[in-house]
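User: Hi! Could you walk me through the packing in this one?
Analyst: Happy to. Here it is.

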Amino acid sequence: MKIAPAATEAVAVPASGDGGTRERIIGLLLNHGSQTVSELAAALQLTAAGVRRHLDVMLNDGLVAETSIEAGRRGRPARRYALTDAARDDLPHTYDDLAVSALRHIAAVAGRQSVRAFADEQVVGLEQRCRTAMDGAGDDPLARAEALARALSAEGYAASAESLASGGQLCQRHCPVAHVASEFPELCEAETEVIARLVGSHVQRLATIARGDGVCTTHVPGTGPLTLSARERSSTT
């Protein structure tokens, strides 16, 4: 929810070919987080061996990282694959250099408070669009977080809402201008306040891509579990 001139898809997916399949893998990992070979194979309608072939190339190119998780007492640990920072850097980061230069100029001439004022102005339009998209979500903060996740995904932020024992969690797996926000955290601060207004509750930002985390994570307190996460809902349609 930062400075982006237009809503665009985070990943353009070619129709076919090895490059197209790898772009689709990147899209799945971006939108759903780490995945196993079997999960990717099911989503892509490919064999596990075919997916492994693509992942081997992507591992070699530094686009994905591999981790092992315990699968229980029997069998080998399951292997999961996630995007690396290098892969995220290849995604569109609109006008990064221009935005950084402009904000440095504003900070030098008028102070950091003017950077924050600029950031607040930039999220006005997005807040309005998300609020419209959230019409009918009701008053429950968790239900509104789920609706907000769908609205942000439509804006290209690859967002999802997940249940927690203490409430809910809004995750954004893509930030169009993460490099800008890493130097100017005022953008993240303005975004967090917009999220709070949209869900109708105090929220706490736990992690951001701009600080080097793999995902922007915001805790949303609530009184009950989410009925169905945006991630789960998208997998059933």
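**Packing and cysteines**

Analyst: Let's start with C130, which touches L148, A151, L152 and L198, leaving aside residues up to four places away in sequence; contact here means heavy atoms within 4.5 Å. This is a predicted model, where local features need pLDDT of at least 70, side-chain atom pairs count only at pLDDT 80 or more, and totals for chains, interfaces and linings use all residues. Residues are numbered from 1 along each chain as its sequence is written, and side-chain values use heavy atoms, with hydrogens and water left out.

User: Is C130 buried or exposed?
Analyst: C130 is buried, at a relative accessible area of 1%. Buried means under 20% relative accessible area, exposed over 50%, and partly exposed in between, using a 1.4 Å probe and protein chains only.

User: And which residues have the most contacts inside the largest nonpolar core?
Analyst: Those are C130, L148, L152, V180 and V199, in a core of 37 residues. A nonpolar core is a set of buried Ala, Val, Leu, Ile, Met, Phe, Trp, Tyr and Cys residues joined through side-chain atoms within 4.5 Å.

User: Which element gives the largest share of this core?
Analyst: That's α10, with 8 residues. Helices (H or I, at least four residues) and strands (E, at least two) are DSSP runs, numbered from the N terminus. Apart from this core lies another, of 19 residues, including I25, L44, M58 and A87.

User: How do α8 and α10 cross?
Analyst: The axes of α8 (residues 141-154) and α10 (residues 186-199) come within 8 Å and cross at roughly 120 degrees. Axes are lines fitted to C-alpha atoms, for helices over the stretch in contact, with angles from 0 to 180 degrees between N-to-C directions. So α8 is oblique to α10; under 35 degrees counts as roughly parallel, over 145 as roughly antiparallel, 65 to 115 as roughly perpendicular and the rest as oblique.

User: Which residues meet there?
Analyst: From α8 they are P141, R144, A145 and L148, and from α10 they are I195, L198 and V199.

User: Switching topic: how many disulfides does the structure hold?
Analyst: It holds 0 disulfides, a disulfide being a pair of cysteine sulfur atoms within 2.5 Å.

User: Last one: what does T192 touch?
Analyst: T192 touches V203 and R205, again not counting residues up to four places away in sequence. T192 sits in helix α10 and counts as buried at 16% relative accessibility.
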